[in-house]
Amino acid sequence: MSLSPTISYKAAEPTFHPWTVRHDSLTKAIWDWIVLLLVIYTAIEVPYNVAFILPMYKKVRLTNNALEIINLSVDIMFIVDVSINFRTTYVQGRSAKVVCDPKKIARHYLRSWFFVDFLSAIPFELFSLVSSKEEFTLISLLKTARLLRLVRVARKLDRYSEYGVAVVFLLMGLFTLTAHWLACIWYAIGRAQRADHPANWINILSRDLSGKSGVSSGNPNTTDEFDVSLTHCYLSAMYFTLSSLTSVGFGNVAANTNAEKAFAVCVMLVGALMFATIFGNLTAIIQRLYSTTSKYHKDLAIVREFINFYEIPSPLSDKLEDYTKNIWAQTKGVNVKKVLEFFPESLQTDVCYHLRQDLFNTVPAFKEADHSCLRSLAMKFRTSYCLPEQCVVRQGDPIQEMYFICSGTVEVVRDGKIILTLSKGDVISCDYKSLNHIPKANSDLIICTIAEIHSIDYEDLLECLRAYPEFGETFFERLEVSYSIQEYENVSEGLAAREHRFSNARHELSSFHKFSSSSNIKPQSNGATSIEIQETSFTRNYEPGKSSRKMEKRQNKTSLDGKDGNDDVGKEERSENIADRLSNIEGRLTELEKSITNNFNQIIQHIQRKEQ
């Protein structure tokens, strides 16, 4: 029973038959709330009617008794509810399939709650119009079957157990409803013993109120033999049951007869059980409300114990405590990584994409990427919340990540001097020569104001971009680095890096492109398959006459320069020989990489065909 749909089944939308009501529609939810209110009214009216009105039997007059008209209207509403349940869809087991076939719905309803709803929908008020006193008594007692609907309502109210305020109201309502039922039973016991026991609680109440004993007033709103109104009796009965349930027991309304004492003992036992239930739930609710605060103090105590145990000095210990407090203020104690572990990888990707959406909209380099590429990148990013005066990177530290500032300001400090201040949208990175070469930071990154920084490992970035080579090329071209934190050996190297920004990264990315290879898998006559693995060639093909042309140039240059240039020519020849050897080695490595990639692709294709 909720005013909004609880579960959505949009994956397999069924075809609904005419006059079929969807179980999670808003109309059905409103109708369920109306039925809930009618059930609560029935739970209050039926016990009161059986205990207080039934002994004062009289024919039903629909024109004069408003209560009977209301009860008749409730009966009609319950009949309508039964007909609606025959046309309401339901969810079938673990498959989460919405069943909308009228025949299946009818069979399911007949096997589940039809009997309870049928008993509660019987129009007892119409039967009482033509009944005698004995028949009216039986019909009134049968109306207690409507209380079985409370079981069905209680099952539907379980969904509100996660809301503390709702649980408190439900427990208080259950406590009051139980006291009402017990008060009706308490009055029925007193009325049944009114003639045999002068010390009956109704007789004592009559003497206390009017000072008379056994006087009849003839008023239809009073009891038959005692001048006590039904209002006084009901309030006194509620007063006794509530004082017994709450273990207060003032004693002005007490149990005197054996039956009353036995009932009082039962009331006390029920009260003890309800007290334990209510206070146990209230304790759990209060603990749930303060669970976050309790966890915060617990984590802070662990940090302080860590500081004391390892004797961390004052400046650093203050930073640890401040970081713990500020992280709780930023995240409210929510560990995103731990929360995402509950969900499948597809939902994790959706959540990570949502968390990084501000970053993707801010940095221009991500605007050309498609949705799948951004989802893949979102899983690789790491978010850090940094405090003022916190050092993200120190000068000389190895740089393995790219930093994207999403909020706050960061100061670039080199040799104790502030050379630059960065803010939201700025990117800090460097160009890697290879994955084996890790550059060093040329300055410190100091947080000026509370900042949120997203970082991604360089190798993880290349891994994602290799899957999207077209975007990988444009990414490094469009990426605007606000500050290059790479440490260069000399000034000329730094200037060249500015002119050819991310040239090494683009080369690293292009070297991992997939090579197209021809299939060398041949089926044999016996059904087996043979794979021809390419042999790796370590020889390099040179252009004919290339080395001779180089030698002619060297000889001509030697003859022109004379003897004085012999030393310079020797140095130049040695440098050219070294360059040729390095080029030869590079060519061999490239051929080796192609051959290994080709063989590996053939093996993968063979395995895939075997699996198919």
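Let's start in helix 11 (residues 258-289), where F275 and F279 sit 4 residues apart, about one turn of the helix; helices here are DSSP runs of H or I with at least four residues, numbered from the N terminus. This is a predicted model, in which local features need pLDDT of at least 70 and side-chain atom pairs count only at pLDDT 80 or more, while totals for chains, interfaces and linings use all residues. Residues are numbered from 1 along each chain as its sequence is written, and side-chain values use heavy atoms, leaving out hydrogens and water.

Rings of Phe, Tyr and Trp (its six-membered ring) pair if their centres lie within 6.5 Å, with planes under 30 degrees apart counted as stacked, over 60 as edge-to-face and the rest as tilted. That rule gives 24 aromatic pairs. The pair of F275 and F279 is tilted, at 4.9 Å centre to centre and 50 degrees between the planes. F275 is partly exposed at 28% relative accessibility, and F279 is partly exposed at 46% (buried is under 20% relative accessible area, exposed over 50%, partly exposed in between, with a 1.4 Å probe and protein chains only).

The rings of F475 and F476 have centres 5.2 Å apart and planes at 75 degrees, so this pair is edge-to-face. F475 is buried at 0%, and F476 is likewise buried at 0%. Ring pairs link both into a cluster with Y353, F360, F366, F381, F404 and F471.

Now look along helix 19 (residues 469-478), whose buried residues are F471, G472, F475 and F476. They line one face of the helix because they fall within an arc of 125 degrees seen down its axis, taken from the directions from the helix axis to the C-beta atoms. On the other side, E470 and E477 are exposed.

Note on methods. Helix = DSSP H or I, 4+ residues; strand = E, 2+ residues; numbered from the N terminus.
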